[in-house]
Each structure stands twice: as C-alpha cells, then as structure tokens.
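Hi,

Here is the structure I promised to pass on.

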Amino acid sequence: MSEFVGAGAAMPDVEMGTPDGGTVKPSDFAGKKLVVFFYPKDNTPGCTTEAKDFTALRGEFDAAGVELLGVSKDSAKKHQNFIAKHNLTTPLATDVEEGGLSDALGIWTEKQMYGKTYMGMVRSTYLVGADGTIAQAWNKVKVKGHAEEVLAAAKAL
C-alpha cells in the first residue's frame, strides 16, 4: 500500500478534465494558493455536504486569495448534474481512471466495505502554496467543520 504524499512535497502536476470539456492541472494555479479537495463520489451524503461547505465559504477563500478545486473520478456529466443540483460554485475536476492525480498522491487505494475489496478515493484535502509545494495535507477527512479548518489554515499560509 502506498504512502500518502504530505506537506513539503511538490504537488504532482497531473491534468484532469473539467465539466465543460476543458482541462485543469495544479500548475494552472502557479503563483496562487490552492486548496484541492478529493472526495469519493458526487451526490453521496458526505461528498455533497463537503462540496456545499466549500461553496458556502467560497467568498472567504476568494477574499484570502485562495483558489478551490474539488476532485473525484466522476464523469464530466455527473459533475455537471452535481453542480446544478446543489448550486455549487466550487470548480470540480475529473481525475483520470488510472495514473491520475489521486494515484500520484497515494489516495486512490484499496478499500473494504461489507467484506468486499475495491479501489476508492480516500477523502483528502491539500493546501498548496503559491510555489506549488504542499503546505498541509488532510487525509481520511471527517466532513463536519473541515472546510472551516482548511480556510483557517489557508488564511494563515
């Protein structure tokens, strides 16, 4: 099992898809602070709460000069539906199936539920400094209060 990439490491620069058919990668935010939050699946209870919490604080992240990006392996179409259904203003990206950013960070990993083993996303958030270095990493995130905690860390960076 691979280790999670943590603070002090360079954020891997892997291209992902956007809901509108474009692409995005961490280096697109060079010179800016960036929060990348990874979540398992659109329209599931925890993921919906997390995306809505980051959206609710988007103005404060903007005021602090911090960009936001939510990432899962869901398709562009699923992201479009998720955004529309919950009025999300936080940008989302689709990680590629294999060799994606979540793989590079060690957070796409084997999981178990009800005795079944499967590959899945470890709910994780990365605060990336303007220089592209990971300033702080949260792995196995508990959603309640998380967006506020990340905002406080981003403001302090």
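Phe38 stands opposite Ser124 in E8. Strands here are DSSP runs of at least two residues (E) and helices are runs of at least four (H or I), both numbered from the N terminus; two strands pair if DSSP finds at least two bridges between them.

Before I go on, a word on the source: this is a predicted model, where local features need pLDDT of at least 70 and side-chain atom pairs count only at pLDDT 80 or more, while totals for chains, interfaces and linings use all residues. Residues are numbered from 1 along each chain as its sequence is written, and side-chain values use heavy atoms, with hydrogens and water left out.

Back to E3. The strand also pairs with E4, this time in the parallel sense over six bridges, and Lys33 stands opposite Val66 in E4.

**The cores and helix H5**

Which residues touch the most other members of the largest nonpolar core? They are Val35, Phe54 and Phe61, in a core of 21 residues. A nonpolar core is a set of buried Ala, Val, Leu, Ile, Met, Phe, Trp, Tyr and Cys residues joined through side-chain atoms within 4.5 Å. Strand E3 (33-38), helix H1 (45-56), strand E4 (66-72) and helix H5 (146-156) each supply at least two residues of this core, and H5 gives the largest share, five residues. Apart from this core lies another, of 20 residues, with Val71, Val122, Val128 and Ile134 among them.

Leaving aside its neighbours within four places in sequence, Phe54 is in contact (heavy atoms within 4.5 Å) with Val35, Phe37, Phe61, Leu68, Thr90, His146, Ala147 and Val150.

On H5 itself, His146, Ala147, Val150, Leu151, Ala153 and Ala154 are buried. They cover an arc of only 165° around the axis, so they sit on the same side of H5; the arc is that of the directions from the helix axis to the C-beta atoms. The buried residues of H5 pack against E3, H1, helix H2 (58-63), E4, E8 and strand E9 (134-139).

Thr94 is in strand E5 (residues 92-94) and is buried, at 16% relative accessible area. What does its side chain reach? A polar atom of the Thr94 side chain lies 2.7 Å from the backbone oxygen of Asp74, and the side chain also makes a polar contact with the side chain of His79 (3.4 Å). A polar contact is a pair of N or O atoms within 3.5 Å; within protein, one must be able to donate a hydrogen and the other to accept it, and residues adjacent in sequence count only if both atoms are side-chain atoms.

Gly100 is in the loop between E5 and helix H4 (101-104), and is buried with a relative accessible area of 1%. Beyond its neighbours within four places in sequence, Gly100 is in contact with Val14 and Asp95.

**Two positive phi values**

Most residues other than glycine have a negative phi. Tyr114 has phi near 55°, a positive value; Tyr114 lies in the loop between strand E6 (108-113) and strand E7 (116-121) and is exposed at 79%. Lys140 also has a positive phi, near 55°; Lys140 is in the loop between E9 and H5 and counts as exposed at 60% relative accessibility.

**The whole chain**

The protein has five helices and nine strands. Of its 157 residues, 45% count as buried. Among contacts between residues at least 6 apart in sequence, 63% join residues at least 24 apart.

Cheers

Notes. Buried < 20%, exposed > 50% of the residue type's maximum accessible area, 1.4 Å probe, protein only.
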